Amino acid sequence: MSMHGSFERTDFLSYCQSLYDTDKAYDIAQANRLNRHRHVEPDSAQFLASIAMIRKPNKVLEIGTSTGFSTLWLAYGLHHQSDADFISLDIDKSRSNTAKQHLQNVGLSSLVRFIVQDAFVFLSKTEDIFDLVFLDAERHFYCEYTKPLHKILSVGSVLIVDNVLSHSDEVCEFLAEFLNDSRYICHTLDIGAGLFMAVRQEP
């Protein structure tokens with residue numbers, strides 16, 4: 001699926017940089033962390049796009065849309081694929097709608113299905129297997145996601161988790177569930193706020 005209209009890569013990069021700068025300034029002004037948009041860092045977003053281009057996943061799940069910065073980059077990484085099914089999941093409808101508008105603005109909205117639902121509910125009910133999963137949500141819920149995440153990952157599936165260096169104390173128990181599981185090859189990457197990547201190598 002190609003990009004729509006007169007979309008240019010330089011326009012996309014400019015749009016993403018503007019969005020990042022605007023939302024970062026917004027976040028700084030918010031005393032309550034729950035009101036912040038808390039985007040991934042640009043290096044992390046570009047890494048996600050690179051993994052999508054390399055892996056060429058058929059099914060992608062993003063847990064934690066926020067206002068769509070990482071969603072933009074994942075969609076960009078998928079834009080040459082005609083068969084990719086990309087679901088972006090968030091519990092906040094207004095943020096999901098904002099993300100949808102950003103995707104429309106750059107001509108990539110047809111690549112993403114936005115679902116407004118609690119992540120644990122979605123993970124528990126879905127019968128899909130995902131080739132690529134990006135987790136960037138409320139960290140205190142992560143351990144609840146462990147069992148259903150194992151269920152939706154198969155051999156070759158990739159799980160990427162954000163903020164594993166910046167908030168290592170909050171995610172260490174969750175990450176240990178993958179680090180100590182022989183079914184996964186795991187890496188912690190010093191990119192952005194820290195990315196954790198677990199690749200499923202066994203059923």
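Residues are numbered from 1 along each chain as its sequence is written, and side-chain values use heavy atoms, with hydrogens and water left out. Because the model is predicted, local features need pLDDT of at least 70 and side-chain atom pairs count only at pLDDT 80 or more, while totals for chains, interfaces and linings use all residues.

Let's start with strand β1, residues 59-63. Helices (H or I, at least four residues) and strands (E, at least two) are DSSP runs, numbered from the N terminus. In β1, 5 of its 5 residues are buried, where buried means under 20% relative accessible area, exposed over 50% and partly exposed in between, with a 1.4 Å probe and protein chains only. Lys59, Leu61 and Ile63 point one way from the strand, and Val60 and Glu62 point the other way.

Now look at the partners of β1. Two strands pair if DSSP finds at least two bridges between them. β1 runs parallel to β2 over 5 bridges, with Ile63 opposite Leu89. β1 also pairs with β4 in the parallel sense, over 4 bridges, and here Leu61 stands opposite Val133. Together, β1, α3 and β2 make a right-handed β-α-β unit; right-handed means that, with the strands pointing away from the viewer, the path from the first strand over the helix to the second runs clockwise.

Moving on, strand β2 (residues 85-90) is joined to strand β3 (residues 112-116) by 5 bridges, and the two run parallel. Ile87 has Arg113 as its bridge partner in β3. From β2 the chain passes through α4 to β3, in a β-α-β crossover that is right-handed.

That brings us to helix α4 itself, which covers residues 93-105. Its 13 residues reach 18 Å from the first C-alpha to the last, close to the 18 Å expected at 1.5 Å a residue (1.5 Å times one less than the number of residues). Arg95, Ser96, Ala99, His102 and Leu103 are buried in this helix. Seen down the axis of α4, the buried residues fall within an arc of 115°, so they line one face of the helix; the arc is that of the directions from the helix axis to the C-beta atoms. After α4 comes Gly107, whose phi is positive, near 80°.

What about the nonpolar cores? Such a core is a set of buried Ala, Val, Leu, Ile, Met, Phe, Trp, Tyr and Cys residues joined through side-chain atoms within 4.5 Å. In the largest one, of 35 residues, Phe12, Phe69, Trp73, Leu108, Leu132 and Ile160 touch the most other members. Helix α3 gives the largest share of this core, 7 residues. A second, separate core has 26 residues, among them Phe122 and Tyr184.

Phe122 lies in helix α5, residues 119-125, and counts as buried at 8% relative accessibility. Beyond residues up to four places away in sequence, Phe122 touches Leu61, Ile87, Leu89, Ile115, Gln117 and Phe130, contact meaning heavy atoms within 4.5 Å.

His150, in helix α6 (residues 142-152), has a relative accessible area of 15%. Leaving aside neighbours within four places in sequence, the contacts of His150 include Glu177, Arg183 and Tyr184. Thr126, in the loop between α5 and β4, has a relative accessible area of 10%. With neighbours within four places in sequence set aside, Thr126 is in contact with Lys151 and Ile152.
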